[in-house]
Every structure is written in structure tokens, then in C-alpha cells.
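Thanks for coming. I have one structure to go through today, and I will take it piece by piece. Please look at the sequence and the model while I talk.

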Amino acid sequence: MSQFDLCSNKHSAEGAAKLENPLSEMKSLSYLNLCGNKLGAEGAAKLENPLSEMTRMSHLDLSNNNLGAEGAAHLQKPLSARKRMSHLALCGNDLGADVAA
């Protein structure tokens, strides 16, 4: 599988925790859409390890998930390692000016 789309499924941090192991098995995933799921900072923390292992990721949409600056901090390391990222959507997450800069 190269694409996984769970947009607007009302997943919370608890839902992200349930996705952590399956996503860790999807190392060749290139497209992941989890927009509109209210993951929050805790959910972003659960995505940190799986995203670190997805070396082919080129499209990631985490918009409208209430990540905040704390959630963005959890994503910084895995996303900075992505050399092939062509699409990253983080809008609607109240990241704050420090993260956006």
C-alpha cells in the first residue's frame, strides 16, 4: 500500500494510539491524509515514530487536527528528515508564530 486516507474520521489522540502500530508497518507509505481528526498534541506524539520510519513519504496532510505548538514539536524530527516531501499541509492547527517561522 502506498496511500492511506482517513480524513475527517473523528479520530482523537486515542485513535492515533490505535493507528501507531499499523502505521509503523507501512514503511513504504508515500501518501498519508489524516486531516480533520482532532489528534491534538498527544496524537502527534503517537505519530512521531511511524512517520520517522516512512522514508518514502512525499504527501502528508495533518491539517485541522488541533496540534498546537506542542504537537508540531513532536513532528519536527520526523518531518525534517523527509527529503522527498512535496506536499505538507498543517493549516488549522494553531501552531503559533514561533513554529511557523
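Asn64 sits in the loop between β3 and α3. Its phi is near 55°, a positive value in a residue other than glycine. Before I go on, note that this is a predicted model, and that goes for every value I quote.

Lys10 is not a glycine, yet it has a positive phi of about 60°. You will find Lys10 in the loop between β1 and α1. Is Lys10 buried or exposed? At 72% relative accessibility, it counts as exposed.

Now the sheet. In what order do the strands of the open sheet come? There are 4 of them, and the order is β1-β2-β3-β4, with parallel pairing. At the edges stand β1 and β4, the latter covering residues 87-89. Each of these two has a single partner strand, so one side of each is left without a neighbour in the sheet. From one strand to the next, the twist averages 5°. As a reminder, strands of a sheet pair through backbone hydrogen bonds, and the pairing can be parallel or antiparallel.

Take one pairing in detail. Strand β3, residues 59-61, runs parallel to β4, and 3 bridges join them. Leu60 has Leu88 in β4 as its bridge partner.

Next, the nonpolar core. The largest one holds 22 residues. Which of them touch the most other members? They are Phe4, Leu23, Leu32, Leu34, Leu51 and Leu62.

Setting aside neighbours within four places in sequence, the residues in contact with Leu62 include Leu34, Leu39, Leu47, Leu67 and Leu75. Cys35, Ala89, Leu90 and Asn93 are also among the contacts of Leu62.

Cys35 brings me to the cysteines. How many disulfides does the count come to? It comes to 1 disulfide. The partners are Cys7 and Cys35, with their sulfur atoms 2.3 Å apart. Cys7 is in the loop between β1 (3-5) and α1 (13-24), while Cys35 is in the loop between β2 (31-33) and α2 (40-53), so the pair ties together parts that are 28 residues apart in sequence. The torsion about the S-S bond is about -65°, so the disulfide is left-handed.

Cys7 is partly exposed, with a relative accessible area of 28%. Cys35 is buried, with a relative accessible area of 11%.

The cut-off for a disulfide is 2.5 Å between the sulfur atoms.

On to the salt bridges, where the count comes to 2. One is formed by the side chains of Glu14 and Lys18, at 3.6 Å from N to O. These residues are 4 apart in helix α1, and about one helical turn separates them. Glu14 and Lys18 are both exposed.

The side chains of Glu53 and Lys27 also meet in a salt bridge, at 3.1 Å from N to O. Glu53 lies in helix α2 and Lys27 in the loop between α1 and β2, so this pair ties together parts that are 26 residues apart in sequence. Glu53 counts as partly exposed, at 33% relative accessibility. Lys27 is partly exposed as well, with a relative accessible area of 43%.

Where is Thr55 placed? It is in the loop between α2 and β3. Leaving aside neighbours within four places in sequence, Thr55 is in contact with Lys27, Arg82 and Arg84. The C-alpha atoms of Thr55 and Ala81 are separated by 8.3 Å, and these two residues are 26 apart along the chain.

That is what I had to show. I can go back to any part of it.

Technical notes. Residues numbered from 1 in each chain as written. Predicted model: local features only at pLDDT ≥ 70, side-chain atom pairs only at ≥ 80, totals over all residues. Heavy atoms only, no water. Buried < 20%, exposed > 50% of the residue type's maximum accessible area, 1.4 Å probe, protein only. Core = buried A, V, L, I, M, F, W, Y, C linked by side-chain atoms within 4.5 Å. Contact = heavy atoms within 4.5 Å. Salt bridge = Lys/Arg side-chain N within 4 Å of Asp/Glu carboxyl O. Pairing = 2+ DSSP bridges. Axes fitted to C-alpha atoms, helices over the stretch in contact; angles between N-to-C directions.
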